[in-house]
Amino acid sequence: MEESGGGGAVIELKAEEEEGPSPEEMDPVFISCLLQPPVSHHDPNYVGIRRVLLHRKGHSLLQRKDWRCNTRSYSAYRNFIRRPRNWESKITQSYLSTPSNSGHWASSQGPQSILFDTESQSSSRDLRGFGLSVGHRSSFSSNDADHQFGLVEPAYSFVGMHCIFDNCKASVTILKFGHMSSDLLAYGATDGSLTVCHVSESPSVIQHLKGHSKAITDFDFSSNNQYIASSSVDKTVLVWEISKGHCIRVIYGTSSQLCIRFHPVNNNLLFVGNANKEINMINFSTGRVTKKVYFDKELTAMDNDHTGQLIFCGDAQGCIYTVSVNSHTGSISRSHKNRSMRSKSPITTVQYRTFSLVARCPVLLVCAQDGNLCFFSVALEIQGYLTLLCSLKLSPRRHSIRASFCPLLSLEKGEFIVAGSEDSNVYFYDLTRPKHACVNKLQGHGSPVIGVAWNHGENLLASSDSEGTVIVWKRAKTR
């Protein structure tokens, strides 16, 4: 009985094989799906489902070519059903002009774009569904990324210009909002001036801080927004009391002071990177340098983590360093050096964020002057060790153009950043979209956009250009 049962099973299997398609009739797409190697960091069930979906995708794409509804194609219908809420009113708001200002704004998907028969990027290339691990690395590049759009991101639609500051006659190279502030904005220029203003419902300049004789390279607010520390090419660091507009401390150096940060917990400590290839730890009260740490090249950008135990900095040759700080003992030392940047170009932006949904850990954004944008995971348990997750190649820049995270939206979906450009536009990129990273742009500046900064509520975006104009953009309210 067992033998007959076993024989029956064999006969049944042969019958199935005889009824199956011949090798010539097998679908090559299905064969490639079956032969697709498993990926180590994916769940086996996910790999199996993906193979089935890839097999079905070939047939569905063929069916889409012939699909029509009211003379419109499948792509137009899909874009229509994906339209944002109240899309008709949003397209109208985006073209409203503001009092005493005129400009152009990139709209959300409107009636025209929704009905276009255009294919969006393939979801199978979207990194957001992959759950990046620390060891996983992906890279993509697009020399024309500034002009290649995917679907416009509705959450970053703008109603127009909130206000404009055009009192500065020199290039505004750096601007920042105060810590945890939605109203306090400051910007520094190449003529050595530092301007502090309010950007509430009645925008106004509250202080003109003049003390530097040459270009301001960087500045930072203290944690309570009572002081500003600024660095300059004139080899000095100035500390200002904002309420009085007075310079309360002058610290002289021997070379250009290029980047500066307050310690986030102990505001009595300042960290300054300079052209002497060193970071100086300075006592704010006495103005004396207490510790130094040396590097291979001059330091051009800097940021610290929320605890103040780590400093991340970039140099003029595209290297990124991690520095460990012990504010109790006063020690400071180099921990790691990362050479993941593709070229030896000065680093213009180093920005730390405590958490990313894409990386599931702290992350670091690094931007170089040659247009390379890199996104790193940060291993706090290994003294801030950096792992490159992805990179984006933009067009080369003549100016030291900066970039910034878009924190609030990135907590919901994607990994969004904003950056200026040589073509006078402000661009938004999603690092999880390899094929079409650019998701929106703002038009209104008349010269290259150099600096960008979000306020705490992320409803206002400030941008500055090489002619001294600062525009504060107001983001549309979204549900």
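At what relative accessibility does Lys 277 stand, and as what does it count?

Analyst: Lys 277 has a relative accessibility of 34% and counts as partly exposed, the class between buried (under 20% relative accessible area) and exposed (over 50%), for a 1.4 Å probe and protein chains only. The model is predicted, so local features need pLDDT of at least 70 and side-chain atom pairs pLDDT 80 or more, whereas totals for chains, interfaces and linings use all residues. Residues are numbered from 1 along each chain as its sequence is written, and side-chain values use heavy atoms, without hydrogens and water.

Lys 277 is not a glycine, yet its phi is positive, at about 65 degrees. Most residues other than glycine have a negative phi. The residue sits in the loop that joins β14 (269-274) to β15 (278-283); strands are DSSP runs of E, at least two residues long, and helices are runs of H or I, at least four, numbered from the N terminus.

Phe 271, for example, has Met 281 in β15 as its bridge partner. Both strands belong to an open, antiparallel sheet of four, ordered β13-β14-β15-β16. At its edges stand β13 and β16 (289-294); each has a single partner strand, so one side of each lacks a neighbour in the sheet. From one strand to the next, the twist averages 20 degrees, as an angle (0 to 180 degrees) between N-to-C axes fitted to C-alpha atoms.

Asn 225 is buried, with a relative accessible area of 17%.

A pocket is an open set of points on a 1 Å grid over the protein atoms alone, where a 1.4 Å probe fits, with protein on both sides within 12 Å along at least five of seven lines; lining residues have an atom within 4 Å of a point. The volume of the largest pocket is about 1400 Å³. Its lining has 49 residues, and those closest to the centre are Phe 177, His 179, Asp 303, Gln 351 and Tyr 352.

Definitions and conventions. Points joined across faces, edges and corners; volume = space filled by probe spheres on them. Pairing = 2+ DSSP bridges.
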